[in-house]
Amino acid sequence: MSGLSVTTVSGAPDDTVSATHAAGASTDDVLRFAELRVLAAGCRMRWGLSPRLAQPVPPLSAAERAARLEALLALWDTGCRQALDEDLYRDIAQRNPRMRAAFRERFRP
């Protein structure tokens, strides 16, 4: 995915995304891991897909998805752990319905 630089703002050595990237993971692997983090966060927050979004919508472009992921990870790195991009979450959930179901089951109260 072009232009994705999933490194942290702080560059902390104990950061999972940075460590994964530094360990020689491909950009696709780093992107996939970041997407799974967003999906898990949304399910942990008990986000569903809103009724107005029940109809399929066009997916985000790779560039827009990468930019949104990078912005969200930067927010998380600065301590804003409750921040979540609804459109990004929806896009990832629609592209990964089985993983979304698995996360929802895992985080069910």
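Predicted model: local features only at pLDDT ≥ 70, side-chain atom pairs only at ≥ 80, totals over all residues.

Me: Ok, how many helices and strands does the chain have?
Reply: Five helices and zero strands. Both are DSSP runs numbered from the N terminus: helices are H or I with at least four residues, strands are E with at least two.

Me: And what share of the residues is buried?
Reply: 33% of the 109 residues. Buried means under 20% relative accessible area, exposed is over 50%, and partly exposed is in between (1.4 Å probe, protein chains only).

Me: Switching topic: how do helix 2 and helix 3 cross?
Reply: Helix 2 is residues 27–44 and helix 3 is residues 62–77; their axes come within 11 Å and cross at roughly 65°. Axes here are lines fitted to C-alpha atoms, for helices over the stretch in contact, with angles running from 0 to 180 degrees between N-to-C directions.

Me: Which residues meet there?
Reply: From helix 2, they include Leu31, Val38 and Ala41, and from helix 3, Leu69, Leu73 and Trp76 are among them. Contact means heavy atoms within 4.5 Å.

Me: Now helix 4. Which of its residues are buried?
Reply: In helix 4 (residues 86–95), they're Leu88, Tyr89, Arg90, Asp91, Ile92 and Ala93. These buried residues pack against helix 2, helix 3 and helix 5 (97–106).

Me: Why does Arg90 count as buried?
Reply: Because its relative accessible area is 10%. The Arg90 side chain also has a polar contact of 3.1 Å with the side chain of Asp87. A polar contact is a pair of N or O atoms within 3.5 Å; within protein, one must be able to donate a hydrogen and the other to accept it, and residues adjacent in sequence count only if both atoms are side-chain atoms.

Me: What about the start of helix 4?
Reply: There, a side-chain oxygen of Asp85 reaches to within 3.1 Å of the backbone nitrogen of Asp87.

Me: Last one: how far apart are Ala93 and Val38?
Reply: They're 55 residues apart in sequence, and 9.3 Å apart in space, C-alpha to C-alpha. Ala93 is buried too, with a relative accessible area of 3%.

Terms used. Residues numbered from 1 in each chain as written. Heavy atoms only, no water.
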